[in-house]
Amino acid sequence: MPDAIKKVVIAGGGTAGWMTAALLNKVLGNSVTIELVESEQIGIVGVGEATIPPIQTFNRFLGIDEKAFLRETQGTIKLAIKFENWRKPGESYYHTFGAPGTTMGFCSFHHYWLKAKEAGLDKSFWDFDLNYLACQQGKFNKINTQNPLYDMPYAYHFDSALYGQFLRRFAEQGGVKRTEGIIEHVQQHPQSGFITGLQLTDGRQIEGDLFIDCTGLNGLLIRKTLGVNYEDWSHWLPADSAQAVPSERFDKTLPYTRSIAHSCGWQWRIPLTHRNGNGIVYSSQFTTDEQANETLLGNLDTEALGEPRTIRFNTGRTDQQWCKNVVAIGLSSGFLEPLESTSIHLIQSGIIRLMKMFPNQGISPAMVDMYNAESKDEFETIRDFIILHYHVNERDDSEFWRAMREMTIPDRLAQKIEAFKETAAIFNEQNDIFRDASWVQVMMGQGLSPRDYHAAVNAMDKQTLLSAMQQIQQAKMQPVAKLLGHDEFIERYTSA
(Lines give C-alpha, C1' and ligand atoms only; values in the text may rest on other atoms or scores of the structure.)
Protein backbone atom coordinates (compact mmCIF):
# COMPACT_ATOMS: atom_id res chain seq x y z
CA MET A 1 0.00 0.00 0.00
CA PRO A 2 1.62 3.29 -1.12
CA ASP A 3 2.46 5.74 1.68
CA ALA A 4 1.71 8.82 -0.40
CA ILE A 5 0.16 9.48 -3.78
CA LYS A 6 2.78 11.12 -5.96
CA LYS A 7 1.69 9.86 -9.37
CA VAL A 8 -1.75 9.18 -10.81
CA VAL A 9 -2.05 7.05 -13.94
CA ILE A 10 -5.24 7.21 -15.99
CA ALA A 11 -5.85 4.15 -18.17
CA GLY A 12 -7.93 5.18 -21.15
CA GLY A 13 -8.90 8.46 -22.76
CA GLY A 14 -12.20 9.52 -24.24
CA THR A 15 -14.60 11.73 -22.31
CA ALA A 16 -14.03 9.90 -19.02
CA GLY A 17 -10.25 9.94 -19.21
CA TRP A 18 -9.86 13.55 -20.20
CA MET A 19 -12.52 14.87 -17.82
CA THR A 20 -10.63 13.06 -15.05
CA ALA A 21 -7.25 14.37 -16.17
CA ALA A 22 -8.49 17.95 -16.50
CA LEU A 23 -10.11 18.08 -13.05
CA LEU A 24 -7.28 16.26 -11.25
CA ASN A 25 -4.78 18.65 -12.77
CA LYS A 26 -6.87 21.71 -11.90
CA VAL A 27 -7.38 20.68 -8.27
CA LEU A 28 -4.05 19.08 -7.45
CA GLY A 29 -1.74 21.14 -9.64
CA ASN A 30 1.93 20.22 -9.31
CA SER A 31 1.46 18.23 -6.10
CA VAL A 32 1.05 15.04 -8.14
CA THR A 33 2.16 13.86 -11.57
CA ILE A 34 -0.64 12.85 -13.92
CA GLU A 35 -0.12 10.56 -16.90
CA LEU A 36 -2.87 9.34 -19.22
CA VAL A 37 -2.35 6.25 -21.37
CA GLU A 38 -4.52 5.77 -24.43
CA SER A 39 -4.33 4.41 -27.93
CA GLU A 40 -5.78 5.88 -31.09
CA GLN A 41 -6.21 2.29 -32.28
CA ILE A 42 -8.85 1.64 -29.61
CA GLY A 43 -12.21 3.24 -30.29
CA ILE A 44 -14.48 4.89 -27.75
CA VAL A 45 -18.23 4.45 -27.26
CA GLY A 46 -18.62 8.17 -27.96
CA VAL A 47 -22.40 8.54 -28.00
CA GLY A 48 -22.89 10.51 -24.77
CA GLU A 49 -24.03 13.67 -26.50
CA ALA A 50 -26.64 14.99 -24.06
CA THR A 51 -25.99 16.26 -20.54
CA ILE A 52 -27.69 17.65 -17.44
CA PRO A 53 -27.08 21.11 -15.85
CA PRO A 54 -24.20 20.24 -13.46
CA ILE A 55 -21.89 20.06 -16.51
CA GLN A 56 -21.90 23.87 -16.38
CA THR A 57 -20.38 23.79 -12.89
CA PHE A 58 -17.68 21.39 -14.07
CA ASN A 59 -16.73 23.56 -17.04
CA ARG A 60 -16.79 26.78 -15.01
CA PHE A 61 -14.54 25.29 -12.34
CA LEU A 62 -12.01 24.38 -15.00
CA GLY A 63 -12.19 27.95 -16.32
CA ILE A 64 -13.56 26.88 -19.70
CA ASP A 65 -15.09 29.66 -21.76
CA GLU A 66 -18.65 28.64 -22.62
CA LYS A 67 -18.59 30.27 -26.05
CA ALA A 68 -15.39 28.48 -27.04
CA PHE A 69 -16.74 25.23 -25.65
CA LEU A 70 -19.96 25.45 -27.71
CA ARG A 71 -18.01 26.36 -30.86
CA GLU A 72 -15.43 23.59 -30.56
CA THR A 73 -17.87 20.82 -29.62
CA GLN A 74 -20.60 21.84 -32.14
CA GLY A 75 -22.82 22.31 -29.11
CA THR A 76 -26.44 23.33 -28.69
CA ILE A 77 -28.62 24.13 -25.68
CA LYS A 78 -30.71 21.52 -23.88
CA LEU A 79 -33.68 22.60 -21.75
CA ALA A 80 -35.50 19.27 -21.48
CA ILE A 81 -36.15 15.79 -22.80
CA LYS A 82 -39.37 15.25 -24.70
CA PHE A 83 -40.72 11.74 -24.08
CA GLU A 84 -42.89 10.59 -26.96
CA ASN A 85 -45.08 7.45 -26.94
CA TRP A 86 -43.78 6.35 -23.53
CA ARG A 87 -47.08 6.26 -21.68
CA LYS A 88 -48.95 5.15 -24.80
CA PRO A 89 -48.53 5.76 -28.56
CA GLY A 90 -49.51 9.27 -29.60
CA GLU A 91 -48.93 10.91 -26.20
CA SER A 92 -45.93 12.94 -25.07
CA TYR A 93 -44.65 14.91 -22.10
CA TYR A 94 -41.50 16.80 -21.12
CA HIS A 95 -38.98 16.26 -18.36
CA THR A 96 -37.53 19.74 -18.09
CA PHE A 97 -34.64 21.05 -16.04
CA GLY A 98 -36.95 23.65 -14.57
CA ALA A 99 -39.38 23.40 -11.70
CA PRO A 100 -42.96 24.18 -12.73
CA GLY A 101 -44.62 26.99 -10.78
CA THR A 102 -43.03 28.59 -7.75
CA THR A 103 -42.89 28.22 -3.98
CA MET A 104 -46.35 28.85 -2.58
CA GLY A 105 -46.20 27.56 0.97
CA PHE A 106 -45.24 24.57 3.04
CA CYS A 107 -45.57 22.00 0.26
CA SER A 108 -44.45 21.76 -3.36
CA PHE A 109 -46.23 23.50 -6.24
CA HIS A 110 -47.65 20.31 -7.71
CA HIS A 111 -49.92 19.88 -4.67
CA TYR A 112 -51.49 23.27 -5.35
CA TRP A 113 -51.79 22.46 -9.04
CA LEU A 114 -53.62 19.22 -8.24
CA LYS A 115 -56.20 21.05 -6.14
CA ALA A 116 -56.53 23.82 -8.75
CA LYS A 117 -57.14 21.22 -11.46
CA GLU A 118 -59.84 19.70 -9.28
CA ALA A 119 -61.34 23.20 -8.99
CA GLY A 120 -61.50 23.66 -12.77
CA LEU A 121 -58.02 24.84 -13.83
CA ASP A 122 -57.54 24.12 -17.55
CA LYS A 123 -53.74 24.53 -17.68
CA SER A 124 -51.35 21.57 -17.74
CA PHE A 125 -48.65 21.20 -15.12
CA TRP A 126 -46.05 22.12 -17.75
CA ASP A 127 -47.79 25.40 -18.67
CA PHE A 128 -46.20 26.75 -15.47
CA ASP A 129 -42.66 25.79 -16.55
CA LEU A 130 -40.54 28.36 -18.38
CA ASN A 131 -38.28 25.66 -19.84
CA TYR A 132 -41.32 23.95 -21.37
CA LEU A 133 -42.71 27.20 -22.75
CA ALA A 134 -39.34 27.95 -24.37
CA CYS A 135 -39.15 24.42 -25.82
CA GLN A 136 -42.60 24.80 -27.34
CA GLN A 137 -41.41 27.83 -29.29
CA GLY A 138 -37.86 26.60 -29.93
CA LYS A 139 -36.35 29.55 -28.06
CA PHE A 140 -33.57 30.29 -25.61
CA ASN A 141 -31.61 33.16 -24.13
CA LYS A 142 -29.68 33.86 -20.97
CA ILE A 143 -31.98 35.63 -18.53
CA ASN A 144 -30.15 37.97 -16.18
CA THR A 145 -32.39 38.01 -13.14
CA GLN A 146 -32.24 36.93 -9.53
CA ASN A 147 -35.95 36.13 -9.55
CA PRO A 148 -36.32 32.33 -9.23
CA LEU A 149 -39.64 32.60 -11.08
CA TYR A 150 -37.65 33.20 -14.28
CA ASP A 151 -34.98 30.60 -13.65
CA MET A 152 -34.32 28.55 -16.81
CA PRO A 153 -31.73 25.84 -16.03
CA TYR A 154 -30.01 24.37 -19.07
CA ALA A 155 -27.43 21.85 -20.16
CA TYR A 156 -25.87 21.02 -23.53
CA HIS A 157 -25.91 18.70 -26.48
CA PHE A 158 -22.42 18.28 -27.89
CA ASP A 159 -20.19 15.91 -29.84
CA SER A 160 -18.60 13.88 -27.02
CA ALA A 161 -15.56 12.96 -29.15
CA LEU A 162 -14.92 16.66 -29.76
CA TYR A 163 -15.41 17.37 -26.04
CA GLY A 164 -12.78 14.75 -25.20
CA GLN A 165 -10.36 16.38 -27.66
CA PHE A 166 -11.18 19.82 -26.25
CA LEU A 167 -10.39 18.65 -22.72
CA ARG A 168 -7.26 16.87 -23.91
CA ARG A 169 -5.84 20.15 -25.22
CA PHE A 170 -6.84 21.86 -22.00
CA ALA A 171 -5.29 19.18 -19.77
CA GLU A 172 -2.06 18.89 -21.75
CA GLN A 173 -1.59 22.65 -21.60
CA GLY A 174 -1.90 22.31 -17.83
CA GLY A 175 0.87 19.71 -17.63
CA VAL A 176 -0.86 16.35 -17.99
CA LYS A 177 1.33 13.87 -19.85
CA ARG A 178 -0.30 11.79 -22.58
CA THR A 179 1.26 8.47 -23.57
CA GLU A 180 0.20 6.72 -26.74
CA GLY A 181 0.14 2.97 -26.38
CA ILE A 182 -1.84 -0.21 -25.84
CA ILE A 183 -1.79 -1.83 -22.40
CA GLU A 184 -0.60 -5.43 -22.71
CA HIS A 185 -0.18 -6.40 -19.07
CA VAL A 186 -1.18 -4.97 -15.69
CA GLN A 187 1.44 -5.44 -12.97
CA GLN A 188 0.44 -6.09 -9.36
CA HIS A 189 2.23 -6.22 -6.01
CA PRO A 190 2.61 -9.93 -5.17
CA GLN A 191 1.33 -9.57 -1.58
CA SER A 192 -1.17 -6.71 -1.54
CA GLY A 193 -2.52 -7.09 -5.09
CA PHE A 194 -2.24 -3.33 -5.56
CA ILE A 195 -1.48 -2.32 -9.13
CA THR A 196 2.09 -1.10 -9.55
CA GLY A 197 2.29 -0.42 -13.27
CA LEU A 198 1.03 -0.86 -16.80
CA GLN A 199 3.17 -2.62 -19.37
CA LEU A 200 2.58 -1.48 -22.95
CA THR A 201 2.91 -3.64 -26.05
CA ASP A 202 6.23 -1.96 -26.92
CA GLY A 203 7.68 -2.89 -23.52
CA ARG A 204 7.40 0.50 -21.82
CA GLN A 205 6.45 0.46 -18.12
CA ILE A 206 4.07 3.12 -16.75
CA GLU A 207 4.31 3.07 -12.97
CA GLY A 208 2.07 4.91 -10.52
CA ASP A 209 0.55 5.06 -7.05
CA LEU A 210 -3.13 5.55 -7.87
CA PHE A 211 -4.74 4.22 -11.05
CA ILE A 212 -7.96 5.48 -12.64
CA ASP A 213 -9.74 2.93 -14.82
CA CYS A 214 -11.28 4.75 -17.80
CA THR A 215 -11.12 1.73 -20.11
CA GLY A 216 -14.86 1.78 -20.74
CA LEU A 217 -17.03 -1.33 -20.85
CA ASN A 218 -13.83 -3.41 -20.92
CA GLY A 219 -13.07 -2.60 -17.24
CA LEU A 220 -9.45 -3.67 -17.70
CA LEU A 221 -8.22 -2.72 -14.22
CA ILE A 222 -11.26 -2.90 -11.95
CA ARG A 223 -12.83 -6.07 -13.33
CA LYS A 224 -10.33 -7.99 -15.43
CA THR A 225 -7.33 -7.41 -13.17
CA LEU A 226 -8.76 -6.96 -9.67
CA GLY A 227 -11.73 -9.24 -10.32
CA VAL A 228 -14.35 -6.95 -8.81
CA ASN A 229 -17.82 -8.45 -9.26
CA TYR A 230 -20.35 -6.84 -11.58
CA GLU A 231 -23.89 -6.54 -10.27
CA ASP A 232 -26.26 -7.33 -13.13
CA TRP A 233 -29.47 -5.26 -13.34
CA SER A 234 -30.75 -6.70 -16.61
CA HIS A 235 -33.78 -8.22 -14.84
CA TRP A 236 -34.98 -4.64 -14.30
CA LEU A 237 -33.47 -3.01 -17.37
CA PRO A 238 -33.23 -5.71 -20.06
CA ALA A 239 -32.03 -3.44 -22.88
CA ASP A 240 -28.58 -4.75 -23.81
CA SER A 241 -27.97 -3.26 -27.26
CA ALA A 242 -27.92 0.07 -29.03
CA GLN A 243 -27.34 1.20 -32.57
CA ALA A 244 -26.09 4.72 -33.23
CA VAL A 245 -25.88 6.69 -36.46
CA PRO A 246 -25.32 10.37 -37.28
CA SER A 247 -27.54 12.14 -39.77
CA GLU A 248 -27.62 15.51 -41.49
CA ARG A 249 -28.46 18.45 -39.24
CA PHE A 250 -31.89 20.02 -39.10
CA ASP A 251 -32.44 23.37 -40.77
CA LYS A 252 -33.75 24.41 -37.36
CA THR A 253 -32.41 22.88 -34.15
CA LEU A 254 -34.61 22.70 -31.07
CA PRO A 255 -33.38 23.11 -27.47
CA TYR A 256 -34.31 19.65 -26.24
CA THR A 257 -33.56 15.95 -26.66
CA ARG A 258 -36.24 13.71 -28.11
CA SER A 259 -36.78 10.22 -26.67
CA ILE A 260 -39.24 8.30 -28.84
CA ALA A 261 -40.61 4.96 -27.66
CA HIS A 262 -41.20 2.23 -30.24
CA SER A 263 -42.58 -1.27 -29.78
CA CYS A 264 -39.02 -2.62 -29.49
CA GLY A 265 -37.43 0.05 -27.27
CA TRP A 266 -36.69 3.74 -27.67
CA GLN A 267 -34.89 6.09 -30.04
CA TRP A 268 -32.92 9.25 -29.28
CA ARG A 269 -32.59 12.35 -31.44
CA ILE A 270 -30.00 14.92 -30.41
CA PRO A 271 -29.53 18.13 -32.44
CA LEU A 272 -25.98 19.46 -32.90
CA THR A 273 -24.86 22.36 -35.05
CA HIS A 274 -23.10 20.14 -37.63
CA ARG A 275 -25.25 16.97 -37.53
CA ASN A 276 -27.85 15.05 -35.55
CA GLY A 277 -27.10 12.24 -33.16
CA ASN A 278 -29.49 9.30 -33.46
CA GLY A 279 -29.73 5.88 -31.91
CA ILE A 280 -32.00 3.14 -30.74
CA VAL A 281 -31.86 1.21 -27.45
CA TYR A 282 -33.41 -2.26 -27.33
CA SER A 283 -33.30 -5.72 -25.77
CA SER A 284 -32.03 -8.70 -27.75
CA GLN A 285 -34.51 -10.83 -25.77
CA PHE A 286 -37.39 -9.13 -27.57
CA THR A 287 -35.94 -7.68 -30.78
CA THR A 288 -33.42 -8.70 -33.43
CA ASP A 289 -30.65 -6.39 -34.59
CA GLU A 290 -32.28 -6.31 -38.02
CA GLN A 291 -35.63 -5.16 -36.60
CA ALA A 292 -33.94 -2.48 -34.52
CA ASN A 293 -31.92 -1.31 -37.53
CA GLU A 294 -35.07 -1.06 -39.63
CA THR A 295 -36.87 0.90 -36.91
CA LEU A 296 -33.97 3.31 -36.46
CA LEU A 297 -33.34 4.04 -40.13
CA GLY A 298 -37.07 4.18 -40.86
CA ASN A 299 -37.56 6.92 -38.28
CA LEU A 300 -34.74 9.33 -39.11
CA ASP A 301 -35.80 12.88 -39.91
CA THR A 302 -32.72 13.55 -42.03
CA GLU A 303 -30.35 11.58 -44.29
CA ALA A 304 -28.07 9.11 -42.49
CA LEU A 305 -24.35 9.92 -42.68
CA GLY A 306 -23.18 6.33 -42.43
CA GLU A 307 -24.18 2.87 -41.32
CA PRO A 308 -25.45 2.32 -37.75
CA ARG A 309 -22.83 1.13 -35.27
CA THR A 310 -23.92 -1.54 -32.78
CA ILE A 311 -22.99 -1.28 -29.10
CA ARG A 312 -23.46 -4.14 -26.62
CA PHE A 313 -23.78 -3.52 -22.90
CA ASN A 314 -24.94 -5.07 -19.67
CA THR A 315 -26.81 -2.74 -17.33
CA GLY A 316 -25.43 -2.77 -13.81
CA ARG A 317 -22.47 -1.62 -11.75
CA THR A 318 -19.30 -2.92 -10.17
CA ASP A 319 -19.80 -3.87 -6.52
CA GLN A 320 -16.85 -1.62 -5.71
CA GLN A 321 -15.94 1.39 -7.81
CA TRP A 322 -12.84 1.93 -5.69
CA CYS A 323 -10.84 -1.23 -4.99
CA LYS A 324 -7.29 -1.23 -3.61
CA ASN A 325 -5.57 1.60 -5.54
CA VAL A 326 -7.92 1.61 -8.53
CA VAL A 327 -10.88 3.93 -9.00
CA ALA A 328 -13.25 3.16 -11.88
CA ILE A 329 -14.62 6.24 -13.64
CA GLY A 330 -17.13 6.17 -16.48
CA LEU A 331 -18.36 2.99 -18.16
CA SER A 332 -15.78 0.85 -16.37
CA SER A 333 -17.71 1.54 -13.13
CA GLY A 334 -21.09 0.54 -14.52
CA PHE A 335 -23.57 1.16 -17.30
CA LEU A 336 -26.96 2.85 -17.27
CA GLU A 337 -28.66 3.44 -20.59
CA PRO A 338 -28.66 7.10 -21.72
CA LEU A 339 -32.40 7.66 -21.20
CA GLU A 340 -31.88 10.56 -18.79
CA SER A 341 -28.46 11.70 -20.07
CA THR A 342 -26.62 10.63 -16.93
CA SER A 343 -23.48 9.01 -18.41
CA ILE A 344 -21.32 12.13 -18.46
CA HIS A 345 -22.72 13.26 -15.12
CA LEU A 346 -21.67 9.98 -13.50
CA ILE A 347 -18.14 10.61 -14.79
CA GLN A 348 -18.26 14.09 -13.28
CA SER A 349 -19.65 13.02 -9.90
CA GLY A 350 -17.15 10.14 -9.67
CA ILE A 351 -14.22 12.50 -10.19
CA ILE A 352 -15.58 15.09 -7.76
CA ARG A 353 -16.16 12.40 -5.14
CA LEU A 354 -12.56 11.25 -5.60
CA MET A 355 -11.31 14.83 -5.21
CA LYS A 356 -13.18 15.21 -1.93
CA MET A 357 -11.69 11.96 -0.65
CA PHE A 358 -8.31 12.12 -2.37
CA PRO A 359 -5.80 9.86 -0.55
CA ASN A 360 -2.97 12.32 -0.08
CA GLN A 361 -0.91 10.34 2.44
CA GLY A 362 -2.10 6.85 1.60
CA ILE A 363 -5.30 5.00 0.86
CA SER A 364 -7.66 4.80 3.83
CA PRO A 365 -10.01 1.77 3.91
CA ALA A 366 -12.63 3.92 5.66
CA MET A 367 -12.50 6.49 2.86
CA VAL A 368 -12.74 3.75 0.22
CA ASP A 369 -15.84 2.39 1.96
CA MET A 370 -17.45 5.84 2.04
CA TYR A 371 -16.67 6.39 -1.64
CA ASN A 372 -18.22 3.06 -2.58
CA ALA A 373 -21.32 3.63 -0.44
CA GLU A 374 -22.01 7.01 -2.04
CA SER A 375 -21.39 5.64 -5.54
CA LYS A 376 -23.74 2.73 -4.91
CA ASP A 377 -26.51 5.01 -3.68
CA GLU A 378 -26.13 7.37 -6.63
CA PHE A 379 -26.19 4.58 -9.21
CA GLU A 380 -29.22 2.95 -7.60
CA THR A 381 -31.31 6.13 -7.46
CA ILE A 382 -30.62 6.81 -11.15
CA ARG A 383 -31.41 3.17 -11.93
CA ASP A 384 -34.76 3.48 -10.17
CA PHE A 385 -35.58 6.71 -12.02
CA ILE A 386 -34.94 4.99 -15.36
CA ILE A 387 -36.98 1.93 -14.36
CA LEU A 388 -39.89 4.29 -13.53
CA HIS A 389 -40.15 5.36 -17.20
CA TYR A 390 -40.41 1.77 -18.36
CA HIS A 391 -42.53 0.25 -15.62
CA VAL A 392 -45.33 2.82 -15.46
CA ASN A 393 -46.65 2.50 -18.99
CA GLU A 394 -49.97 1.80 -20.68
CA ARG A 395 -48.60 0.39 -23.92
CA ASP A 396 -50.00 -2.94 -25.06
CA ASP A 397 -48.42 -3.20 -28.50
CA SER A 398 -45.54 -5.54 -27.72
CA GLU A 399 -44.31 -8.22 -25.37
CA PHE A 400 -41.45 -5.90 -24.37
CA TRP A 401 -43.70 -3.19 -22.88
CA ARG A 402 -46.01 -5.69 -21.20
CA ALA A 403 -43.03 -7.38 -19.56
CA MET A 404 -41.73 -4.02 -18.30
CA ARG A 405 -45.11 -3.17 -16.79
CA GLU A 406 -45.54 -6.56 -15.11
CA MET A 407 -42.04 -7.01 -13.68
CA THR A 408 -41.19 -6.78 -9.97
CA ILE A 409 -39.36 -3.51 -9.29
CA PRO A 410 -36.91 -2.48 -6.52
CA ASP A 411 -38.65 -1.98 -3.15
CA ARG A 412 -37.54 1.63 -2.79
CA LEU A 413 -39.03 2.55 -6.15
CA ALA A 414 -42.25 0.67 -5.41
CA GLN A 415 -42.60 2.69 -2.19
CA LYS A 416 -42.04 5.97 -4.04
CA ILE A 417 -44.67 5.13 -6.64
CA GLU A 418 -47.23 4.13 -3.99
CA ALA A 419 -46.59 7.25 -1.89
CA PHE A 420 -47.10 9.46 -4.93
CA LYS A 421 -50.27 7.64 -5.96
CA GLU A 422 -51.72 8.06 -2.48
CA THR A 423 -50.81 11.64 -1.48
CA ALA A 424 -48.57 13.08 -4.28
CA ALA A 425 -45.65 12.81 -1.85
CA ILE A 426 -42.06 12.67 -3.16
CA PHE A 427 -39.17 11.39 -1.03
CA ASN A 428 -35.59 11.87 -2.22
CA GLU A 429 -32.38 10.18 -1.17
CA GLN A 430 -29.34 12.30 -0.33
CA ASN A 431 -27.42 11.26 -3.46
CA ASP A 432 -30.37 11.49 -5.84
CA ILE A 433 -29.42 13.86 -8.65
CA PHE A 434 -33.09 14.16 -9.66
CA ARG A 435 -35.10 16.43 -7.40
CA ASP A 436 -38.83 16.56 -6.68
CA ALA A 437 -39.83 18.32 -9.91
CA SER A 438 -38.13 15.64 -12.03
CA TRP A 439 -39.89 12.76 -10.29
CA VAL A 440 -43.23 14.58 -10.47
CA GLN A 441 -42.92 15.31 -14.19
CA VAL A 442 -42.09 11.71 -15.09
CA MET A 443 -44.66 10.18 -12.74
CA MET A 444 -47.46 12.37 -14.06
CA GLY A 445 -46.20 12.13 -17.62
CA GLN A 446 -46.31 8.35 -17.42
CA GLY A 447 -49.89 8.49 -16.18
CA LEU A 448 -49.77 8.35 -12.38
CA SER A 449 -52.65 10.36 -10.89
CA PRO A 450 -52.44 11.01 -7.13
CA ARG A 451 -55.60 10.31 -5.16
CA ASP A 452 -54.92 13.18 -2.76
CA TYR A 453 -52.62 16.13 -2.08
CA HIS A 454 -51.06 17.72 1.00
CA ALA A 455 -53.49 19.05 3.61
CA ALA A 456 -51.68 22.41 3.70
CA VAL A 457 -53.20 23.23 0.30
CA ASN A 458 -56.65 23.45 1.88
CA ALA A 459 -55.64 26.60 3.74
CA MET A 460 -56.15 28.45 0.43
CA ASP A 461 -59.71 28.85 -0.81
CA LYS A 462 -60.66 27.90 -4.36
CA GLN A 463 -60.90 31.42 -5.80
CA THR A 464 -57.63 32.59 -4.25
CA LEU A 465 -55.89 29.48 -5.56
CA LEU A 466 -57.18 29.86 -9.11
CA SER A 467 -56.24 33.55 -9.11
CA ALA A 468 -52.71 32.73 -7.89
CA MET A 469 -52.36 30.09 -10.60
CA GLN A 470 -53.38 32.57 -13.28
CA GLN A 471 -50.84 35.12 -12.03
CA ILE A 472 -48.02 32.55 -11.96
CA GLN A 473 -48.81 31.33 -15.47
CA GLN A 474 -48.90 34.88 -16.83
CA ALA A 475 -45.60 35.65 -15.12
CA LYS A 476 -44.00 32.54 -16.64
CA MET A 477 -45.13 33.65 -20.10
CA GLN A 478 -43.63 37.15 -19.82
CA PRO A 479 -39.98 36.33 -20.67
CA VAL A 480 -40.84 34.03 -23.59
CA ALA A 481 -41.48 36.84 -26.07
CA LYS A 482 -38.00 38.24 -25.37
CA LEU A 483 -36.20 34.96 -25.99
CA LEU A 484 -34.28 34.37 -29.22
CA GLY A 485 -34.79 31.50 -31.60
CA HIS A 486 -32.40 28.77 -30.45
CA ASP A 487 -30.23 28.87 -33.60
CA GLU A 488 -30.11 32.66 -33.50
CA PHE A 489 -28.91 32.51 -29.90
CA ILE A 490 -26.17 29.99 -30.74
CA GLU A 491 -24.98 32.02 -33.74
CA ARG A 492 -24.92 35.33 -31.86
CA TYR A 493 -23.45 33.94 -28.67
CA THR A 494 -20.64 31.87 -30.15
CA SER A 495 -19.57 34.59 -32.60
CA ALA A 496 -19.41 37.32 -29.95
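## Contacts of Met469

In this predicted model, Met469 is in contact with Met104, Phe109, Tyr112, Trp113, Ala116, Leu121 and Phe128, leaving aside residues up to four places away in sequence.

A second, separate core comprises 18 residues, among them Ala11, Ile183, Leu200 and Ile222.

## The largest nonpolar core

Met469 also belongs to the largest nonpolar core, which has 133 residues. Together with Phe358 and Tyr390, Met469 touches the most other members of this core. Helix H10 (residues 365-391) supplies the largest share of the core, with 9 residues. Two domains each contribute at least three residues to this core: domain 1 (7-76 + 158-234 + 315-381) and domain 2 (241-312).

## The seven-stranded sheet

The model also holds an open sheet of 7 strands with mixed pairing, arranged in the order S5-S4-S15-S16-S17-S14-S18. The edges are formed by strand S5 (92-96) and strand S18 (309-312); each has a single partner strand, so one side of each is left without a neighbour in the sheet. On average, and with direction ignored, neighbouring strands of this sheet are turned by 20° against each other.

## Pairing at the S5 edge

Strand S5, at one edge of the sheet, is joined to strand S4 (residues 80-84) by 5 bridges. The two strands run antiparallel. Within this pair, Lys82 stands opposite Tyr94 in S5.

Methods. Residues numbered from 1 in each chain as written. Predicted model: local features only at pLDDT ≥ 70, side-chain atom pairs only at ≥ 80, totals over all residues. Heavy atoms only, no water. Pairing = 2+ DSSP bridges. Helix = DSSP H or I, 4+ residues; strand = E, 2+ residues; numbered from the N terminus. Axes fitted to C-alpha atoms, helices over the stretch in contact; angles between N-to-C directions. Core = buried A, V, L, I, M, F, W, Y, C linked by side-chain atoms within 4.5 Å. Buried < 20%, exposed > 50% of the residue type's maximum accessible area, 1.4 Å probe, protein only. Domains from an automatic or database assignment. Contact = heavy atoms within 4.5 Å.
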